[in-house]
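These are my notebook entries on one protein structure. I record each thing that I looked up in turn.

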Amino acid sequence: MEKIESDISMKKVEDARLPSCCRDPFAVIFAVALVLYTILTMPSLSQPLLDQHAFRQCQTAISAEWLATDLNPLRMPYYETPVFGAPWRVPFEFPIFQWLAAVLHVVSGMAIGTACRTVSVVMHLACLFPLWRLAEPVAEMMNSAKPAATVRRRLFWVVGSLFLLSPILLYWSRTSLIESTALYFGLEYLAAQMRWTRTGAWPSFVAAVFFSAAACLVKITTFPPFAAAAMLDTIFAVMRRQPQRLAGRVLGWRLVASVVPLAVGYCAIASWVSFADGQKMLNPLAAGTTSAALHRWNYGTWQQRCSGELWIDTVLLRGVPEAIGWIGPFIFLCGVAVARPATRGIALACGVLFLIPFLMFTNLHIRHNYYQYAVASWLLMAVAVVVTEASQRFSQRLIAVLLIASLCGGGVMYARYYLPWQFASFRND
């Protein structure tokens with residue numbers, strides 16, 4: 001008996017010497033996910049831009065290559081994509097991603113395709129920083145019995161693991177596309193906005209304004225769920241503290257002020273679209289790609305919004321499983337059923353935010369599977385909050401095994417649909 005007690009004491013001492021993250025199985029899962037992401041991603045960065053949606057990837061890379069001839073930031077709005085004839089300008093998104101790739105291409109000497117893929121991966125990994133900051137207010141809203149700092153760490157480990165190994169994020173984060181850059185700016189905006197709502201720190205407000213404009217300019221189709229999430233969070237914070245009359249007035253003023261970043265973002269994208277359409281009208285071939293000409297292509301029809309092509313083929317059979325695998329939805333539904341009201345509300349709100357882009361830009365999501373890259377993050381957060389709460393109410397090991405099973409389920413889908421493309425050889429193409 002004394003020997004057993006001694007062994008237990010020694011184990012407690014050894015555990016105490018370990019960092020807290022090493023004692024958390026979810027931190028270990030996150031570390032493994034980061035290693036796997038690196039192993040799967042790095043070898044394919046030099047792959048020619050001939051995998052899925054090669055035309056769009058090459059269009060982005062061509063713009064970056066021509067920007068590399070003159071890195072003057074003032075030239076960015078007039079960037080060229082020489083495919084439609086003189087004057088060679090067919091501007092769609094504001095070329096922040098392309099300019100960064102051009103800089104990397106010039107400084108490092110790497111091929112332009114590799115530079116584009118590298119910037120995409122770096123921006124994808126950079127998303128982990130705003131996700132860490134977002135974990136704090138989300139953990140606070142979950143109203144867990146555990147300390148908020150503990151819940152925050154656990155929530156980040158879980159959502160970070162899902163983020164790194166989500167099938168659709170794993171594949172499209174290493175392509176020559178603007179998706180990861182747009183997602184990074186959107187997450188930074190939301191993190192800054194939620195901090196501003198709670199603290200009133202002016203640097204956070206300025207950051208929210210900047211990142212709102214940047215996210216809208218890079219890809220406006222990614223931004224609506226972030227704007228909706230920011231407004232929902234602000235209203236929640238006002239209602240939660242309303243009994244304190246002074247705090248309620250302060251937060252009410254912040255609710256009004258929270259519209260400013262959205263207004264700045266709207267003005268930025270409206271000005272850019274007007275300028276870009278003017279540039280396209282200079283070329284008869286490019287004139288068919290103005291915002292007015294592409295209105296039906298971008299937004300789709302009401303018939304599409306009510307069709308099985310959207311809800312079954314695109315959302316249910318593609319969007320959901322490619323984000324969280326086939327096991328993830330069952331974990332989400334079971335987690336919501338047993339979760340506390342606060343956690344259930346967060347998870348369901350994330351589910352609604354996931355659907356907003358499908359309803360707004362219906363045809364784009366039906367035609368382009370990479371458009372689900374950004375919206376997948378909302379499903380990941382929905383699963384993460386219910387898994388985090390379950391890990392604190394039930395067996396930690398059991399929930400860790402469920403998370404691993406979910407990641408493995410996503411891995412099967414990734415291996416089936418994306419891995420062949422990611423390691424295909426195009427040397428004879």
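Is M76 buried or exposed? I found M76 to be buried, with a relative accessible area of 8%; buried means under 20% relative accessible area and exposed over 50%, with partly exposed in between (1.4 Å probe, protein chains only).

I noted that this is a predicted model, in which local features need pLDDT of at least 70 and side-chain atom pairs count only at pLDDT 80 or more, while totals for chains, interfaces and linings use all residues. Residues are numbered from 1 along each chain as its sequence is written, and side-chain values use heavy atoms, with hydrogens and water left out.

**Entry: the surroundings of M76**

I located M76 in the loop between α4 (54-67) and α5 (96-108); helices (H or I, at least four residues) are DSSP runs, numbered from the N terminus. Leaving out residues up to four places away in sequence, M76 touches L67, F94, P95, I96 and W99, where contact means heavy atoms within 4.5 Å. I also looked up M76 and Q98, which are 22 residues apart along the chain, and their C-alpha atoms are separated by 9.1 Å.

**Entry: the largest pocket**

I read a volume of about 1,200 Å³ for the largest pocket. A pocket is an open set of points on a 1 Å grid over the protein atoms alone, where a 1.4 Å probe fits, with protein on both sides within 12 Å along at least five of seven lines; lining residues have an atom within 4 Å of a point. The volume is the space filled by probe spheres set on the points. Among the 45 lining residues, F92, I220, T221, N298 and Y371 are the closest to the centre of this pocket. I saw that α14 gives the most to its lining, with 10 residues. I sorted the lining of the largest pocket into 29 nonpolar, 10 polar and 6 charged residues; Ala, Val, Leu, Ile, Met, Phe, Trp, Tyr, Cys and Pro count as nonpolar, Asp, Glu, Lys and Arg as charged, and the others, Gly among them, as polar.

**Entry: the second largest pocket**

I recorded a volume of about 470 Å³ for the second largest pocket. Of its 25 lining residues, V138, M141, I346, A349 and C350 are the closest to its centre. The largest share of this lining, 6 residues, comes from α19. By class, the lining of the second largest pocket holds 21 nonpolar, 3 polar and 1 charged.

**Entry: F26**

I listed the contacts of F26 beyond four places in sequence, which include R154, W157, V158 and L403.

Key:
Helix = DSSP H or I, 4+ residues; strand = E, 2+ residues; numbered from the N terminus.
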